[in-house]
Amino acid sequence: MKTHKMWDIHFFNQILDTMADGLFTLDSHGQITSWNRAMEDLTGYTAKEALGKGCNLLQCNRCFGKDCPSDMKKCGVLKHGTSESKECHVRHRDGYDVPVIKSARAVRDENDTLLGIVETLTNLTELNRMKKKAQDAERRLGEIHALGNIIGKSRGMQDVFYAITAAADSRATVLIQGESGTGKELVAGAIHYNGQLSQGPFIPVNCAALSETLLESELFGHIKGAFTGAHRDRKGRFEEAHGGTIFLDEIGELSPYMQVKLLRVLQEREIQRVGESRKIKINIRILAATHKDLYRLTREGQFREDLYYRLKVFPIHIPPLKSRREDIPLLVRKFIDKNNDRESKKIKDISRNAMAKLMEYPWPGNVRELENAIEHAFVLCPSQQIQTRDLPIEVREKKECLEIPPSGSESPMPATAMGAQPKLNRENLITLLHECGWNKAEVGRRMGKSRTSVWKYMKKWHIPLQPETK
Ligand SMILES: Nc1ncnc2c1ncn2[C@@H]1O[C@H](COP(=O)(O)OP(=O)(O)OP(=O)(O)O)[C@@H](O)[C@H]1O
């Protein structure tokens with residue numbers, strides 16, 4: 001085998017050129033003696049242009065906290081031997097600043113004579129862009145979950161607002177109960193984003209969406225080889241939520257085995273990845289929600305009483321929309337504004353008769369159904385005012401739409417303005433999922449059902465959560 005010696009300069013330069021980080025060297029007089037390819041990309045200066053120049057070519061803004069000295073003898077690296085990695089900017093040849101992490105080290109021979117300086121630069125442009133994106137997304141999430149975005153003036157909603165503010169100030173476990181579509185996820189988000197942990201992650205998990213084994217691995221993570229298909233170690237959602245909040249939606253769907261596991265997490269605040277005996281401490285806040293009557297489930301022996309009491313340290317109940325009809329006009333206004341922002345149409349308001357229909361309807365799907373009804377009206381409305389004819393048929397005719405049947409393989413999809421929908425069965429659901437790019441919220445919207453309902457159908461008919469890749 002042919003080996004290269006380190007003094008093979010050609011080979012050495014090739015090594016430097018394969019590095020993702022920028023690297024250059026200076027001699028004892030401060031003149032650039034090597035300049036790798038990543039430095040060319042980062043600064044715009046070719047090696048030919050840089051060699052023989054001083055490092056002030058880079059116009060670094062923070063060499064030892066000062067501007068780069070033009071006199072090499074004043075360079076801090078010579079005084080200190082190294083400069084620790086720090087964030088700074090260097091100036092690109094085209095005039096703009098490039099954010100980098102820069103480190104430098106003085107190289108001396110055995111007699112302590114200075115041979116030169118080696119400097120490395122890591123380009124932070126992409127990382128900063130991603131950071132900014134994540135911060136923007138986080139800010140938007142915070143805005144969405146601002147208390148002001150939860151609409152309601154009824155007594156029931158005033159109690160909910162009061163409870164959100166109190167819960168946000170504490171770290172107690174919260175159990176949010178209310179019918180489907182009443183805004184449980186919205187409330188959970190508001191508690192997190194208005195509380196002490198708002199800078200930490202908010203991790204929602206729908207416990208109804210996955211089978212027991214998948215949910216266990218989703219929540220607790222697993223180690224490589226823990227089960228067939230576990231090709232590598234994977235962090236669970238509890239670990240991801242460290243320093244923040246985990247929101248366990250549809251908690252009433254947990255199997256007895258998962259109830260025991262969750263109880264242990266609540267008691268011990270530590271978890272074990274599937275297939276591993278090591279315990280990992282987690283610092284998280286737990287919020288849970290269900291549309292079921294959890295107390296009744298404990299009476300019927302379907303939900304552990306000890307877990308129920310651990311969860312409902314701070315209970316919040318969101319009343320159904322039909323018991324707080326005075327909120328309907330405010331919600332309608334909110335949804336008209338929301339659709340106006342999104343669509344090219346500009347709808348001003350809703351007719352008296354149409355509003356009367358909305359006030360009469362029992363809203364089995366709660367606020368989500370009202371939101372969908374306004375979106376439906378937007379599609380049909382030809383003028384600036386929503387009329388009764390623009391509303392979904394079940395609202396116009398005051399017939400409740402059908403909820404999910406507990407068993408059986410078929411259920412009717414509610415008719416939409418576009419015409420009668422086909423019966424809902426496995427095949428139709430898969431087609432709809434494909435049409436909506438596997439976005440369950442969108443599928444739910446088209447079906448007139450909640451996202452959770454979509455998940456339940458998918459689970460019932462063994463449809464994978466994502467399209468299977470061939
Ligand atoms: N008070 C409210 N003000 C404004 N929007 C609301 C309100 N309540 C619910 N919504 C909207 O209704 C929709 C359903 O809310 P959300 O998903 O929080 O309900 P949920 O109770 O968690 O439903 P599910 O039990 O089916 O998961 C969302 O689009 C949400 O923004």
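Which residues in H6 meet Val187, Ala190 and Ile191 in H7? In this predicted model, local features need pLDDT of at least 70 and side-chain atom pairs count only at pLDDT 80 or more, whereas totals for chains, interfaces and linings use all residues. Residues are numbered from 1 along each chain as its sequence is written.

Val160, Ile164, Ala167 and Ala168 are the residues of H6 that meet those of H7, contact being defined by C-beta atoms, placed from the backbone, that lie within 7 Å. By class, this contact of H6 with H7 has seven nonpolar, no polar and no charged residues; Ala, Val, Leu, Ile, Met, Phe, Trp, Tyr, Cys and Pro count as nonpolar, Asp, Glu, Lys and Arg as charged, and the others, Gly among them, as polar. Helices (H or I, at least four residues) are DSSP runs, numbered from the N terminus. The axes of helix H6 (residues 155–169) and H7 come within 8 Å and cross at roughly 40 degrees, axes being lines fitted to C-alpha atoms, for helices over the stretch in contact, with angles that run from 0 to 180 degrees between N-to-C directions. That angle makes H6 oblique to H7. Angles under 35 degrees count as roughly parallel, over 145 as roughly antiparallel, 65 to 115 as roughly perpendicular and the rest as oblique.

Helix H7 (184–193) also contributes to the shell around the ligand, as do helix H13 (328–342) and helix H15 (366–380), each with two or more residues. The ligand is surrounded by 20 residues, the closest being Gly183, Lys184, Glu185, Val367 and Ser450; a residue is near a molecule if its C-beta atom, placed from the backbone, lies within 6 Å of it. The shell comprises five nonpolar, nine polar and six charged residues. Because domain 2 (130–319) and domain 3 (320–401) both give residues to this shell, the ligand lies between them. The domain bounds come from an automatic or database domain assignment.

For helix H8 (residues 212–220) and helix H10 (residues 256–268), the axes come within 10 Å and cross at roughly 15 degrees. H8 is therefore roughly parallel to H10. Glu212, Leu215 and Glu216 in H8 meet Tyr257, Met258 and Lys261 in H10. Three nonpolar, no polar and three charged residues make up this contact.

The axes of helix H18 (residues 440–447) and helix H19 (residues 451–460) come within 8 Å, crossing at roughly 100 degrees. The two helices, H18 and H19, are therefore roughly perpendicular to each other. On the H18 side, Lys440, Ala441, Val443, Gly444 and Met447 meet Arg451, Ser453, Val454 and Trp455 in H19. The contact of H18 with H19 has five nonpolar, two polar and two charged residues.

Terms used: Two residues are in contact if their C-beta atoms, placed from the backbone, lie within 7 Å.
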